[in-house]
Amino acid sequence: MKPMGVFGGTFDPIHYGHLRTAFEMLQALRFKDVRFVPCGDPPHRGTTFASADQRLRMVKAAILNQDGFSVDDREIRRDGPSYSIDTLLSLREEFPDRPLGLIVGMDAFLGLPGWHRWDEFLGIAHIIVAHRPGWKAPDMGQLGELLAEFGTHRVDDLHATLHGRIHIHAVTQLEISSTEIRDLVAAGRDPRFLMPDAVRDEIEASGCYAQGALRN
Ligand code: ATP
């Protein structure tokens, strides 16, 4: 069975950096689909700016009509902090026979040792790392060792087993970040062409990134 990509994030807001990354993974890694999993209560990040519902709406708007893309709201529905381990475990239960590929940017990968029960991830899923502008793959330390042991350049390896490999994949470098978009909108400027128009429309309608719109 073809692998499922699992792309978690705060998506506050979702932008073309996320979408292009997911799309290239879908195609190049021959995934059946990619699920966007917006987190409810991000344990690493403190507060979000847009509410969980608004972020979910923006992801839905962004992926509408794109074959192979879907949104999964299990982290938003779950109470308490959104831990990736819980998401992976519940997906594994739901899809016992499908390879799972947890997609993370290089910045997120470098922070992985801080994630709750991260050392169990490879027992459930593959880890797919998207190269982001300005970040270098670790060649020493815990992650360097993990890469030496479980890293693979072969896409077939991600299809051959259900979990357990790490694959670093270069994606088109789009230096877009949600932080910059929020700052831009708060400064009264237009985020057009950094994200689908449907997401921009949501931002405009909700006013979620207007100055002082910080949630707690
Ligand atoms: P923020 O600026 O608020 O930190 P962000 O733009 O990094 O947000 P997140 O929702 O935190 O977006 O990111 C979700 C995932 O997408 C992370 O794994 C992150 O590394 C990855 N990602 C974010 N922006 C890009 C990009 N431009 N290219 C590739 N991957 C990205």
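Select Pro81 first: leaving out residues up to four places away in sequence, Pro81 touches Asp41 and Pro43, where contact means heavy atoms within 4.5 Å. The model is a predicted one, in which local features need pLDDT of at least 70, side-chain atom pairs count only at pLDDT 80 or more, and totals for chains, interfaces and linings use all residues. Residues are numbered from 1 along each chain as its sequence is written, and side-chain values use heavy atoms, with hydrogens and water left out.

Pro81 sits in the loop between α3 (74-77) and α4. Helices (H or I, at least four residues) and strands (E, at least two) are DSSP runs, numbered from the N terminus. With a relative accessibility of 34%, Pro81 counts as partly exposed; buried means under 20% relative accessible area, exposed over 50%, and partly exposed in between (1.4 Å probe, protein chains only).

**The whole chain**

Now zoom out. The chain has 9 helices and 6 strands. Its radius of gyration is 17 Å, close to the 17 Å that the globule rule gives for 216 residues, so the chain is as compact as a globular protein of that length. That radius is taken over C-alpha atoms, and the globule rule is 2.2 Å times the number of residues to the power 0.38. Along the principal axes, the C-alpha atoms fill a box of roughly 50 × 35 × 30 Å.

Of the 216 residues, 49% count as buried. The chain exposes about 10,600 Å², and carbon and sulfur atoms supply 50% of this area; accessible areas come from the Shrake-Rupley method with a 1.4 Å probe, and for residues only the protein chains shown count as cover. Among contacts with a separation of 6 or more, 76% are between residues 24 or more positions apart.

**The sheet**

In what order do the 6 strands of the open sheet stand? The order is β3-β2-β1-β4-β5-β6, and the pairing is parallel; two strands pair if DSSP finds at least two bridges between them. β3 (69-71) and β6 (166-170) are at the edges with a single partner strand each, so one side of each is left without a neighbour in the sheet. From one strand to the next, the twist averages 25 degrees. Axes are lines fitted to C-alpha atoms, for helices over the stretch in contact, and angles run from 0 to 180 degrees between N-to-C directions.

Select residues 4-9 and 33-38, which are β1 and β2: these strands pair in the parallel sense over 6 bridges. Gly5 has Val34 in β2 as its bridge partner.

Bring in α4 (residues 84-94), which packs on the sheet and touches β1, β2 and β4; the direction of α4 makes about 155 degrees with that of β4. Next show α1 (residues 16-28), lying across β1, β2, β3, β4 (100-105), β5 (126-131) and β6 and running at about 150 degrees to β2.

Move to β5, where 5 of the 6 residues are buried. On one side, β4 and β5 pair in the parallel sense over 5 bridges, and Gly105 stands opposite Ala130 in β5. β5 is also joined to β6 by 5 bridges, and these two run parallel. Here the bridge partner of Val129 is Ile168 in β6.

**Two loop residues**

Select Asp119, in the loop between α5 (106-110) and β5. Asp119 is exposed, with a relative accessible area of 61%.

Then pick Lys136, in the loop between β5 and α6 (141-150). Buried or exposed? Lys136 counts as exposed, at 60% relative accessibility. Neighbours within four places in sequence aside, Lys136 is in contact with Met106 and Leu110. The C-alpha atom of Thr87, 49 residues away along the chain, is 27 Å from that of Lys136.

**Helix α9**

Finish with residues 197-206, helix α9, whose buried residues are Val199, Arg200 and Ile203. They cover an arc of only 100 degrees around the axis, which puts them on the same side of α9; the arc is that of the directions from the helix axis to the C-beta atoms. An α-helix has 3.6 residues a turn, so residues three or four places apart point the same way.

Show α2 (52-63) and α8 (178-186) as well: the buried residues of α9 pack against both. Glu204 and Ala205 are exposed on the other side of α9. Gly207 follows α9 and has a positive phi, near 65 degrees.
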